Amino acid sequence: MPKAIWILVIGMAINITGASFIWPLNTIYMSQELGQSLTVAGSVLTLNAMAGVTGNLIGGRLFDLIGGFRTIIAGVLIAMTAAFGLAVLHTSLTAYIICLVFLGFGGGMMIPCMYALAGSVWPEGGRRPFNAMYVSQNVGVALGSALGGLLASFRFDFVFFGNGVLYVIFLMLAIIYIRQLQGGGQAASASNVFEQAEKLEHKRRFRALALLCAGFLICWIAYAQWASTIAAYTQDIGIALPYYSLLWTINGAMIIFCQPLIKFFINRWVHSLKAQIYTGLLIFMGAFFLLSQTDVYTGFVAAMVILTIGEMFVWPAVPTIAHQLAPEGKAGFYQGIVNSIATGGRLIGPLFGGIMADLFGMQVLFLVITALFIIPFVMTAVFDKGVPHIRFTRDNA
């Protein structure tokens, strides 16, 4: 990979590591230290995620208007200020909520910029820059969860200070290296004789993105069950919490170490990004059907392995297609939409899964989700009908 991509990979890993300091520990901190209910803790996480969605959209748009570097600097300054604010004011519930909202907003601003920059600095890379960003996100989640737990074992405020320090490191990386990368700030405003045709083409591309993201949302609603209803279900059937946590360790390890195997499979048998999504969707369906047939730990391990293989096909493909769909000057906005859809799925998923599980039981939930994957199949098949001149091919590596 080019040096520029390595810089973005490191930056993304630092950003997500900092964010992952907070996510796993929020509920514990709010219940044990602030004396709040689980409902309040969950509501605060929802506000954090909603701020992230807003940050994704605004950050993506700002990328197109003022460039990636300025938007990233703005995002990291907001997140860094909020992180150090948490370190100082975390004993106040009101201050905690406000800081967590701004932390989600600032962090959300940076993610679509990083994806859009990756596509712009290595356009011939195809899916590879987006796959690298996807892997770096998972490295950040694994590191952040582990380091955050370690710091919390000493003192909780170390977690907040550690988060702030990581954003300081990211700010230095951005100032020294990321400012040299080109991207964004190319939105055109001048009219010409082709303006109406361009507007029509933009509408077609945006409609294509919307159809693709409709299927992407279903995938994330399904995936979110692993951190919500499935987590509770494993406890109900007597699987100890450390064993449930091990499932996510397996997930992270596979994403990092199985990349060569996935790359070989894609290069050998999967010849387009649409085929890559179809393959991942079939694998997703297999994972949830298996869940509907098992209540033993080995079954959950097998389902997680299958699910992880599926996500390695689907998650990098969607931002790659969004980059290819994006008109000139809209790359950041399109990446912002993709990241917002992912965050939205993580918001809707627990509510949908909880209602279905309470009314019909877990087996029915798993079977319904298996059937729901038909929607992403249909959306993937039809999304590009209005833009037939674009071939959504993978890289040739």
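This is a predicted model: local features need pLDDT of at least 70, side-chain atom pairs count only at pLDDT 80 or more; totals for chains, interfaces and linings use all residues.
I take contact to mean heavy atoms within 4.5 Å. I take helices (H or I, at least four residues) from DSSP runs, numbered from the N terminus.

**Ground rules.** Residues are numbered from 1 along each chain as its sequence is written, and side-chain values use heavy atoms, with hydrogens and water left out.

**Helix 5 with helix 6.** I looked up which residues meet here. From helix 5 I noted Ile 111, Met 114, Tyr 115, Ala 118 and Gly 119; from helix 6, Pro 129, Phe 130, Met 133, Tyr 134 and Gln 137. I sorted them by type: Ala, Val, Leu, Ile, Met, Phe, Trp, Tyr, Cys and Pro count as nonpolar, Asp, Glu, Lys and Arg as charged, and the others, Gly among them, as polar. The contact has eight nonpolar, two polar and no charged residues. Helix 6 covers residues 128-154, and its axis comes within 8 Å of that of helix 5, crossing at roughly 145 degrees. Axes are lines fitted to C-alpha atoms, for helices over the stretch in contact, with angles from 0 to 180 degrees between N-to-C directions.

**Helix 5 with helix 14.** Helix 5 (residues 93-121) packs on helix 14 (residues 331-360) at about 125 degrees, with the axes 8 Å apart. I therefore log the pair as oblique. Under 35 degrees would be roughly parallel, over 145 roughly antiparallel, 65 to 115 roughly perpendicular, and the rest is oblique. Ile 111, Pro 112, Tyr 115 and Ala 116 of helix 5 touch Ala 331, Gly 332, Gln 335, Gly 336 and Asn 339 of helix 14. I count five nonpolar, four polar and no charged residues.

**Helix 13 with helix 14.** These axes lie 9 Å apart at about 150 degrees. The two helices are therefore roughly antiparallel. Helix 13 brings Val 318, Pro 319, Ala 322, His 323 and Leu 325; helix 14 brings Tyr 334, Gln 335 and Val 338.

**Helix 9.** Which residues of helix 9 are buried (under 20% relative accessible area; exposed is over 50%, partly exposed in between; 1.4 Å probe, protein chains only)? I found Thr 229, Ile 230, Ala 231, Tyr 233 and Thr 234. Their cover includes helices 10, 12, 13, 14 and 15. Gly 238 follows helix 9, with a positive phi near 90 degrees.

**Cysteines.** I searched for disulfides (cysteine sulfur pairs within 2.5 Å). There are zero in the whole structure. Cys 219 has its closest cysteine sulfur in Cys 213, 11 Å away, so the gap is too far for a bond. Cys 219 is buried, at 3% relative accessibility.
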